[in-house]
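Subject: Structure for your files

Hello,

Please find the structure below. My notes on what turned up in it follow directly after.

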Amino acid sequence: MKLIWKLLRKHISIFELAVFFVANLIGMAVILAGIQIYNDLSPMLSGEESPMGNDYMIISRPVERVGTDAKMFTQEDINELRNESWVEDLGVFASSQFRVDGSIEFKGKRLSTMMFFESVPDSFVDVDSEDWGYNPGDSIIPIILPRNYLNLYNFGFSQTQGLPKITEDMIKRVELGLRIRGNGHDDDYLGYVVGFSDRLNTILVPMEFMEWANGYYCNSASNEATRLILEVSNPSDPEVINFMEEHGYVAEDKPSESGKAMFILKVCVAIIVGIGAIFSLLSIIILTLSIYLLLQKNVNKLENLVLVGYKPMYVAMPYILMTIILNVSIMIISIIAVTYVQSVYMGYLGDMFGLSLEASPAAAIISGIVLTILITLFNFFIIYRKISQISRKRC
């Protein structure tokens with residue numbers, strides 16, 4: 001083997017091998033980085049580990065004609081939704097079946113308005129408050145308001161009317177007078193805002209209060225389901241969109257942030273992997289041309305080696321070993337680089353979301369090994385094929 005290597009190495013171009021090494025290193029590192037980033041971030045964006053939280057959809061049936069009521073969701077509709085693979089959880093909105101009048105003291109004046117309440121199961125409420133809950137007979141009712149109500153006032157109404165802006169803490173300190181009537185009862189309560197919701201665009205009260213109040217003020221503890229809230233795996237999934245269109249359901253909430261993030265992630269990863277694949281392809285072409293040129297320069301020596309009894313595989317072995325060493329070195333350096341990059345961006349994301357994130361570089365390692373094996377097998381094929389052609393031609 002040493003003798004053959006001494007005979008063949010004189011025409012090896014270090015520059016051509018260096019170009020192949022650098023190009024393939026860039027291509028391999030970019031491909032592995034794209035695969036590893038997708039492997040690390042996709043569970044965070046689409047699963048229970050997502051720092052953005054789960055995805056929720058609020059759906060209803062459209063009102064078809066003026067003056068008609070909205071169609072209700074039947075129990076069969078609800079059961080069908082629960083059985084869909086993309087539905088993680090389902091909750092029914094409960095609406096107040098009684099009259100509510102709210103009032104507030106503001107600059108010595110009493111402002112009153114008619115109100116309505118809705119409730120959802122506590123698992124769908126995105127406000128964590130110790131005051132959230134109700135026991136029948138309590139005179140205080142906790143309330144959750146949509147945050148966009150406050151934003152509309154501060155950045156719209158207050159500016160046009162010359163009124164001061166209001167903070168969340170200020171509203172939480174305000175006492176809201178509530179008069180609830182129905183079924184022969186007329187009672188006064190105090191309402192306190194305990195938080196602001198980014199998910200639910202309605203005035204929320206605890207489900208315990210709603211169930212008791214509907215039975216007490218309306219003599220009805222049941223509510224017809226006009227709106228549903230769904231916890232879903234990915235609202236942008238075509239299966240979800242097709243289901244909504246087929247059943248005529250209307251999604252009322254804003255588009256999913258994590259669904260958009262997943263789409264952007266997939267596009268970015270596709271671009272990254274595509275760029276890496278181009279680099280790798282160019283490097284393979286460079287190596288192929290270099291090997292063919294090297295073999296062509298040594299064609300006389302190769303023919304003589306075959307004539308004196310060396311088998312084509314034995315003659316090809318120095319070139320094969322050279323490519324194996326190059327490819328394995330490229331794989332190791334790429335994996336080390338990707339592992340370092342992974343530690344940087346995972347640490348950054350952990351600091352951003354206040355989480356302790358751990359991730360394994362297994363995806364990059366496995367992908368690197370597979371790519372290295374494929375590239376090496378291709379190199380082996382072209383080397384052995386060329387030397388076999390020289391051998392047959394000489395014979």
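Asn 183 is partly exposed, at a relative accessible area of 45% (buried is under 20%, exposed is over 50% and partly exposed lies in between, with a 1.4 Å probe and protein chains only). Its phi is positive, about 60°, although Asn 183 is not a glycine. Most residues other than glycine have a negative phi. Asn 183 sits in the loop between strand E8 (176–182) and strand E9 (185–197).

This is a predicted model, in which local features need pLDDT of at least 70 and side-chain atom pairs count only at pLDDT 80 or more, while totals for chains, interfaces and linings use all residues. Residues are numbered from 1 along each chain as its sequence is written, and side-chain values use heavy atoms, with hydrogens and water left out.

Overall, the protein chain has eleven helices and eleven strands (DSSP runs numbered from the N terminus, helices being H or I of at least four residues and strands E of at least two). Of its 395 residues, 40% count as buried. Among contacts between residues at least 6 apart in sequence, 79% join residues at least 24 apart (contact means heavy atoms within 4.5 Å).

In helix H7 (residues 238–247), the residues Val 240, Phe 243 and Met 244 are buried. They lie on the same side of H7, because they cover an arc of only 95° around the axis (the arc of the directions from the helix axis to the C-beta atoms). The face turned away from that buried side carries the exposed residues Pro 238, Glu 245 and Glu 246. Strand E1 (55–60), helix H3 (75–82) and strand E10 (227–232) are among what covers the buried residues of H7. After H7 comes Gly 248, with a positive phi near 70°.

In H3, the buried residues are Asp 77, Ile 78 and Leu 81. These too cover an arc of only 95° around the axis, so they are on the same side of H3. Their cover includes E1, strand E2 (87–92), E10 and H7.

Now the nonpolar cores. The largest has 24 residues, of which Phe 98, Phe 117, Ile 141, Ile 143, Leu 178, Ile 180 and Phe 209 touch the most other members (a nonpolar core is a set of buried Ala, Val, Leu, Ile, Met, Phe, Trp, Tyr and Cys residues joined through side-chain atoms within 4.5 Å). E7, E8, E9 and helix H6 (207–217) each supply at least two residues of this core, and the largest share, five residues, comes from H6. Apart from this core lies another, of 18 residues, among them Leu 17, Leu 32, Leu 326 and Ala 364.

Last, the largest pocket, with a volume of about 1100 Å³. A pocket here is an open set of points on a 1 Å grid over the protein atoms alone, where a 1.4 Å probe fits, with protein on both sides within 12 Å along at least five of seven lines; lining residues have an atom within 4 Å of a point. Grid points are joined across faces, edges and corners, and the volume is the space filled by probe spheres set on the points. Of the 32 lining residues, Ile 104, Ile 166, Ile 171, Val 174 and Leu 176 are the closest to the centre of the pocket. E5 gives the largest share of the lining, six residues.

Regards
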